[in-house]
Amino acid sequence: MWYLCVFFHRLLDYRKPEVESLAELFGAFGDNQNGDFSSKNRSLEWKLPLHHHPDSPFHFVNLPSEDVARNIANRSILVKGMYELWGEGGSYEELKDSILSYPDERKLPYLDSNSTFKITVDTFGKVTSFQEQKELIQGLSYIPFKGQVKLKNPDHNFWLIETDDYGANNGLPPIVQKSIFFAREVGSADRKLIPTYQLKSRKYLGPTAMDAEMAFLMANQAVATSGKLVYDPFVGTGSILVAAAHFGAMTMGADIDIRVVRDGRGPDCNVWSNFKQYGLPMPIGLLRADNNLPPWRPGLKEVFDAIICDPPYGVRAGGRKSGGRKLLKGAVEPYVVPDDKRTDHIPSTASYSLVECVHDLLDLAARMLIMGGRLVFFYPVLREDDFAANHFPEHPCFKLIATSEQILSSRYSRVLLTMVKTDPYTEELAEAARLKHIDFRENHLKWLEDGNLHSAVFSPADAHLTLTGDSKFTKEPKPKYRGKYV
């Protein structure tokens, strides 16, 4: 059945991938009994309302049941609500005709005299006064409501949603003509989730702590849920694992900096206290571990249901791996820590390039994820390159199922990559992955290889304009429709 899906107007690239991941979680595509995790049919059918721009917050999505639609809406971060559409039109006369032609057998169960209801007026691209809202609701008198009005926790919520006709110069996606929807609410988002977990109230934070909204989006992309084990190899202060634990997943993390995972800022301000703050289950383990030299015993495979992480790519923090000055100077003998310094010893580390880091991450995921498990991680790109032509990391064990771009500056963005494991790990596939990595290393952008991402991000985007003496008069005006900037 087709449902009206209304999104929050932000993070536009992330909207459909999140809904499709949640549809997978709630059984919209079956139960994978045949083990075909690479099926091309595991995507939803979408369509736009008439005259709407692709960036519009209004979309129609075909879902197998109302329960699936409700579960998606209740858990999603970017879906404002899922609705059963009773009527739509370009004017209130057209809307009336559309509602009256909607089958009575679909409407009457929700108009019963023993039920309570509420009608909410919502608008996009315009402001409607309280008096106007009252008049619009009174104009729906042709709908035979028999129940009692109840403003708090009614049995049924109905929405009258209006979008005005506007062009491309007001910061909103253009709509050719006015659109009006009347619909019954099937499910809506938890409006308190993000404020509850916002970083400014978090006990333990670091410079790379993941924003709460983005952490929940990553957990949804990884379909984190009760009974699943989620691992973050770059755990830091645990923001991503907090989101996964909120959805009921068991969590486990690792970081190369022992001061982060063991000490924090004291016994009441550490990674563990972040979980305690929200009443979440504690991680089953936090390891001091190197992604370049993972601690797993030989032969251990397929442990995790999902791996979610934000690899260090040298903007706020550079990647580190085991090593140090003595190794760089050609020392052959291993360094032995004296007994009296073992307790507080902090192992030395060396620089860890992004290309090497991502290769190790893919190899770890290929070994340790179960079949059908998901790898979700961020990857940086330069915006002057064609986004579609960016050469993303590949591995023969995985299928890339979603890419969502987040623009962070005039020159730089990061892309959330979601991969699903489609083939079991073998030595033959590991060798094929090594050859792919060599090709990736040789053909990718040089700034990734040399670790110059920081300067690429923070150097002036229009350096040649500063030579004119006054760049503000020479730059082209920024388009008012922000599109993906929203």
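In this predicted model, the largest nonpolar core comprises 76 residues, of which Ile307, Leu375 and Phe377 touch the most other members. Helix H12, spanning residues 354-368, supplies the largest share of this core, with 10 residues. At least three residues of the core are drawn from each of domain 1 (2-191) and domain 2 (194-458). When residues up to four places away in sequence are left aside, Leu375 touches Ile307, Leu361, Leu362, Ala365, Leu369, Phe398, Leu417, Thr418 and Met419. In soluble globular proteins, nonpolar side chains tend to be buried together.

An open sheet is formed by 8 strands, arranged in the order E2-E3-E1-E4-E8-E7-E5-E6 with mixed pairing. Its edges are strand E2 (45-47) and strand E6 (148-149), each of which pairs on one side only. Within the sheet, strand E1 (residues 2-7) and strand E4 (residues 79-89) run antiparallel and are joined by 4 bridges, and Cys5 stands opposite Met82 in E4. Helix H2, covering residues 66-75, packs on the sheet and touches E1, E4 and strand E8 (179-188), its direction making about 90° with that of E8. Helix H3, covering residues 92-101, likewise packs on the sheet, where it touches E4, strand E7 (156-163) and E8, and its direction makes about 90° with that of E4.

Strand E4 also contains Lys80. The C-alpha atoms of Lys80 and Cys5 lie 7.8 Å apart in space, although the two residues are 75 residues apart in sequence. Beyond four places in sequence, the residues touched by Lys80 are Val6, Phe7, Phe8, Asp122, Ser188, Ala189 and Arg191.

A further pair of strands is formed by E9 and E10, which run parallel and are joined by 4 bridges; in this pairing, Tyr231 has Met252 in E10 as its bridge partner. Strand E10 (residues 250-255) is largely enclosed by the rest of the structure, because 5 of its 6 residues are buried.

Two residues with positive phi values were also examined. Asn153, found in the loop between E6 and E7, has a positive phi of about 55° although it is not a glycine. Val223, which is found in the loop between helix H7 (212-221) and E9, is likewise a residue other than glycine with a positive phi, here near 50°.

Confidence was considered along the protein chain, for which the mean pLDDT is 85 and 83% of residues reach 70 or more. Among the elements of the chain, confidence is highest in strand E9 (residues 229-232), at a mean of 98, and lowest in helix H14 (residues 446-450), at a mean of 50. Over residues 461-479 the pLDDT stays under 50, and for this stretch the model has 9 contacts beyond four places in sequence. Where pLDDT is low, the predicted coordinates should not be read in detail.

Key:
Residues are numbered from 1 along each chain as its sequence is written. This is a predicted model: local features need pLDDT of at least 70, side-chain atom pairs count only at pLDDT 80 or more; totals for chains, interfaces and linings use all residues. Side-chain values use heavy atoms; hydrogens and water are left out. Two strands pair if DSSP finds at least two bridges between them. Contact means heavy atoms within 4.5 Å. Axes are lines fitted to C-alpha atoms, for helices over the stretch in contact, and angles run from 0 to 180 degrees between N-to-C directions. A nonpolar core is a set of buried Ala, Val, Leu, Ile, Met, Phe, Trp, Tyr and Cys residues joined through side-chain atoms within 4.5 Å. Buried means under 20% relative accessible area, exposed over 50%, partly exposed in between (1.4 Å probe, protein chains only). Domain bounds come from an automatic or database domain assignment. pLDDT is the predictor's confidence in each residue, from 0 to 100.
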